[in-house]
Each structure stands twice: as structure tokens, then as C-alpha cells.
Amino acid sequence: MRLVNLSDFGIKSINYYWERRKNFNLSEAELFEVGITGNEAQVDERLIPKLKEANEIFKKYGYEIIIKDAYRSPELYRLVQKKRYENDGKEITDRTLNAVTMPHATGLAVDINLIKLSDGEEVEMWDKADWPEGIFVDYYRDRKDTKSQEYQGLQDLLVDNMLGLGFRIGSKKEFHHFEYKK
Ligand SMILES: [Zn+2]
């Protein structure tokens, strides 16, 4: 694994636990200790051509990708698990954080959202009021209201194209989490 900064390749990203550290009661010092020094995501360099290709595809639909989280060290996983157990409880945390096989520690897993090219805003692909159910694949599939259908359409666009590029959905079945097959 050779880690590179996404920003060096023109791919938008944030570092999720850095950006949201206050929500998880994480201090900057604690994050420094596990190797995070700012709001930047890293991936294994093998993902760069794939993510560039994704941007070419989504551009046709008026979007580009933003990586919300990518490489996480095992130390970060353990720290985040501890904090989230304290904040969210074990049950919800274990449904959404895979601290057992730690897919993000490979550098080959990314959490993705879409950004609208027209205004630079992130696209809402689920309703935060539906947390945690709303982040699982197909949660909106059988809901017939306009909003749910819109979410499902956007999620399908994201998932279908990422699978087409050789990624797969992770074991937690989140619509935004993709792992590249080795
Ligand atoms: Zn993920």
C-alpha cells in the first residue's frame, strides 16, 4: 500500500473524523496521535485512475465525486470505535463501523458523495432523519413518495457506476461505501 493525497490529483475530499471531530468528542491531539493532521483524505495510489474515471462518468450527469473518508489506520479505527461506543452506543456503532475487518485500513475503501457541478453543493442522497436505516442500500427502494424516489435514483446512479468500475459494496451494506477488489 502506497498512500497518496487525493488533493494532489484534483479529487475532492475531506477527512471525515477530522471534519466532524467535535461531533465525536475527538480532540486534535487524539487525532494527531493516530496520524491525522488535517482535513485531507488519502488512498492507495492504485485507486487514483479509478476515481478519475468515476469523475469522467459522473460529469456526464452534472456531478463530481467527493471522498468523505478513505484511509484509516487501525489505531484510528480503535479510537473511533471507543468514542462512538461512548456517544452512539455499541449497537448502532457496530452496524455502521466495521472495526473487525477494518476495510478502510487497506487504503482501497472510500466513502463517496456527489457534488453538483452547477453550484458546487453536495447532493442530499438520504434524509438524516432516517439515520441509521437511511444509509443502507435499498432503504428507499419501496417508498413511493417523491423524495424517496429521488434518493433512490441518486443512490442507483452512484452504486451502478461504482460497481461498473470494479468496486463493491461493503459488508455493512452502506450505499456510499465502496471497496476496490484487490
Ligand atoms: Zn466506509
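**Exercise 1.** In what order do the five strands form the open sheet, and what is the pairing?

Conventions: this is a predicted model, in which local features need pLDDT of at least 70, side-chain atom pairs count only at pLDDT 80 or more, and totals for chains, interfaces and linings use all residues. Residues are numbered from 1 along each chain as its sequence is written.

Solution. 
- Strands (E, at least two residues) and helices (H or I, at least four) are DSSP runs, numbered from the N terminus. Two strands pair if DSSP finds at least two bridges between them.
- The order is 2-4-5-7-6, and the pairing is mixed.
- Strand 2 (12–13) and strand 6 (167–169) each have a single partner strand and stand at the edges, so one side of each lacks a neighbour in the sheet.
- Strand 2 and strand 4 run parallel, joined by two bridges. Ser-13 stands opposite Ile-67 in strand 4.

**Exercise 2.** Which residues of helix 3 are buried, and against what do they pack?

Solution. 
- A residue is buried if 20 or more other C-beta atoms lie within 10 Å of its own, and exposed if 12 or fewer; C-beta atoms are placed from the backbone.
- Leu-51, Ala-54 and Phe-58 are buried.
- With contact meaning C-beta atoms within 7 Å, the buried residues pack against strand 4 (63–69), strand 5 (109–116) and helix 6 (146–164).

Conventions
Two residues are in contact if their C-beta atoms, placed from the backbone, lie within 7 Å.
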